[in-house]
Amino acid sequence: EADRSDTFTRFDGTPMPVEYSTALILESEQIDGIVVVFRDITVRQELAKMKDEFISTVSHELRTPLTSIRGSLGLLSNGVFGTLQPKGQHMLEVAVKNTDRLVRLINDILDIERLQSGKVVLEKKPVSARQLAQGAVEGLQGVADKQKVKLACDACDETFIVDPDRITQVLTNLIGNAIKFSKAEGEVKVRVERQDDDIRFSVSDTGRGIPPEKVDLIFGRFQQVDASDSREKGGTGLGLAISKAIVEQHGGRIWVESRLGEGSTFSFLVPLGTQRGPYVLVVGETDDRREEVARLVGRRGARVRFAEVGVNLDGLQPAPSMILVNLAASPPLEWVEAVRHQNAQVVCYQGPDALGHELFAALEAAGRERASRFRVLVVEDDADLAEVLVAIFERHNTEALSVGTVEDAIEAADGFQPDLLMLDLGLPGGSGFDVVEVLRHRPQQAHIPVLIYTAREVGPEDLDRLRLGETRAFVKTRVTAQVFEEAVVTWLEKLAAAPVPQ
């Protein structure tokens with residue numbers, strides 16, 4: 001039988017973790033006995049604990065200084081503090097490139113450890129397969145353009161239940177690899193289709209292909225087709241191992257088909273999920289609202305597919321039990337009449353009108369005048385990183401105050417009266433949780449927006465404990481300096497769009 005584990009007690013009363021396996025003794029096809037083998041796994045568990053503690057130390061001790069270094073280099077390379085001579089600018093770009101490479105390596109090491117130890121909890125929800133694929137393609141379009149590689153996407157609009165961030169991570173890994181190993185003027189094709197109760201994603205390229213002896217090894221840790229790839233292509237050798245762990249955690253499988261010199265196709269299957277409710281066809285919805293509509297319908301236990309106005313419903317499989325028609329798409333009356341004769345419930349609704357968008361835009365434009373009044377309290381115990389963060393806010397005409405302890409943060413929040421709280425979790429004298437717990441009982445800060453920026457992973461339960469007003473979490477080195485700054489700007493714009501308190 002497969003190995004099992006249990007905990008025994010030694011003669012001195014101390015617990016002893018053991019692993020044991022059993023095997024039958026057969027004599028003339030008759031069971032003559034049984035063998036049980038016990039193994040003391042105390043040392044193994046101690047080593048695993050030491051490894052976890054090491055990973056935790058790496059997470060905090062490396063992520064914070066690396067974030068500080070990368071942020072400083074980013075500000076310098078953007079010319080915020082003046083321009084350098086061409087040679088100096090080149091050296092700066094070399095530093096940025098290699099810092100990014102080190103950041104990717106650390107993130108990938110931490111990712112693979114957490115995934116394979118089962119510490120990653122999937123946050124599943126109904127999402128559109130097409131939206132995920134198109135989002136991943138659009139996110140890498142700039143990289144493809146730089147490499148002169150064409151990207152093509154052909155995706156079904158089936159709704160399935162997955163952790164969208166993790167599946168996007170897999171797609172980004174596969175598409176990114178396909179671009180890197182494609183020749184100029186080559187093409188990368190992304191295809192998504194339903195296969196029975198699964199969704200199949202495929203990423204094909206016309207690159208150099210994978211040698212047959214490497215195909216079975218390519219999903220292992222630090223495996224590269226060529227030893228020089230990590231230096232020349234910028235990879236860590238962990239992307240495919242991470243992708244495999246994510247897909248398997250979803251109950252799926254991943255594989256590759258390749259011909260040397262002709263290209264490769266990486267594919268993975270993911271189950272549709274537990275969603276087995278009625279099938280709803282949504283007609284005439286705009287691309288930018290499809291994900292929201294899919295989420296709203298999916299919460300009610302339904303499967304969703306989208307179609308354009310005028311779609312031929314005869315013989316459509318599977319047959320929808322409900323058809324939602326967006327009248328804002330101006331469907332022809334004769335087509336709507338034909339829809340009403342389908343063997344399905346038909347619901348017509350009116351999409352959001354332009355007035356709502358215009359009103360939001362007007363509030364945003366009017367609110368920009370108050371941008372200089374914004375105050376951000378930066379709670380970060382690393383002085384170098386705090387200086388970088390303050391510089392980022394000041395770059396966007398926002399006043400920022402930096403403090404490094406729980407006590408100083410609580411005191412500053414009362415006197416400084418910030419519009420936004422930027423919070424690290426690991427702090428001298430306590431943690432970021434202690435800061436939030438105090439502010440939650442103050443009427444003036446109980447609903448302040450919170451931007452968590454920390455070296456540790458923040459799970460759903462942690463996020464609930466840290467929530468005051470709107471709250472988002474970013475892991476240091478997990479997001480690039482550019483993405484983080486864009487998030488900061490977005491939050492400032494949200495504050496600008498809010499009505500001015502009377």
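**Finding your way around**

Q: Where is the place of Glu-185?
A: First, some labels: helices are DSSP runs of H or I with at least four residues, strands are DSSP runs of E with at least two, and both are numbered from the N terminus. With those labels, the place of Glu-185 is in the loop between H5 and E7.

Q: What kind of model is this?
A: Residues are numbered from 1 along each chain as its sequence is written, and side-chain values use heavy atoms, with hydrogens and water left out. Local features need pLDDT of at least 70, side-chain atom pairs count only at pLDDT 80 or more, and totals for chains, interfaces and linings use all residues, for this is a predicted model.

Q: Is Glu-185 buried or exposed?
A: Here's the scale: buried means under 20% relative accessible area, exposed means over 50%, and partly exposed sits in between (1.4 Å probe, protein chains only). Glu-185 has a relative accessible area of 66%, so it counts as exposed.

Q: How many Å separate the C-alpha atoms of Glu-185 and Thr-206?
A: Along the chain, these two are 21 residues apart.

Q: What percentage of the protein chain's residues count as buried?
A: The chain has 16 helices and 21 strands. Out of its 502 residues, the share that counts as buried is 43%.

Q: What percentage of the accessible surface belongs to carbon and sulfur atoms?
A: Areas like this come from the Shrake-Rupley method with a 1.4 Å probe, and for residues only the protein chains shown count as cover. The accessible surface of the protein chain is about 27,200 Å², and the part belonging to carbon and sulfur atoms is 52%.

**Helices side by side**

Q: Are H3 and H5 parallel or oblique to each other?
A: Axes are lines fitted to C-alpha atoms, for helices over the stretch in contact, and angles run from 0 to 180 degrees between N-to-C directions. The axes of H3 (residues 129–139) and H5 (residues 164–180) come within 9 Å and cross at roughly 50 degrees. Angles under 35 degrees count as roughly parallel, over 145 as roughly antiparallel, 65 to 115 as roughly perpendicular, and the rest as oblique. So H3 and H5 are oblique.

Q: How many nonpolar residues are in the contact of H3 with H5?
A: Contact means heavy atoms within 4.5 Å. Among the residues making it are Leu-132 and Val-137 of H3, plus Ile-167 and Leu-171 of H5. For the classes, Ala, Val, Leu, Ile, Met, Phe, Trp, Tyr, Cys and Pro count as nonpolar, Asp, Glu, Lys and Arg as charged, and the others, Gly among them, as polar. The contact has no charged residues and two polar ones, and its nonpolar residues number eight.

Q: Is the crossing of H5 and H8 left-handed or right-handed?
A: The axes of H5 and H8 (residues 239–249) come within 9 Å and cross at roughly 145 degrees. A crossing is left-handed if the near helix is turned anticlockwise from the far one by less than a right angle, and right-handed if clockwise. The way H5 passes H8 is left-handed.

Q: What is the phi of Lys-148?
A: Most residues other than glycine have a negative phi. Lys-148 lies in the loop between H4 (141–147) and E5 (150–155), and it is exposed, with a relative accessible area of 55%. Although Lys-148 is not a glycine, its phi is positive, at about 60 degrees.

Q: What is the relative accessible area of Val-450?
A: Val-450 is found in E20 (residues 450–454). It touches several residues beyond four places away in sequence, including Leu-420, Leu-466 and Trp-491. Val-450 counts as buried because its relative accessible area is 0%.
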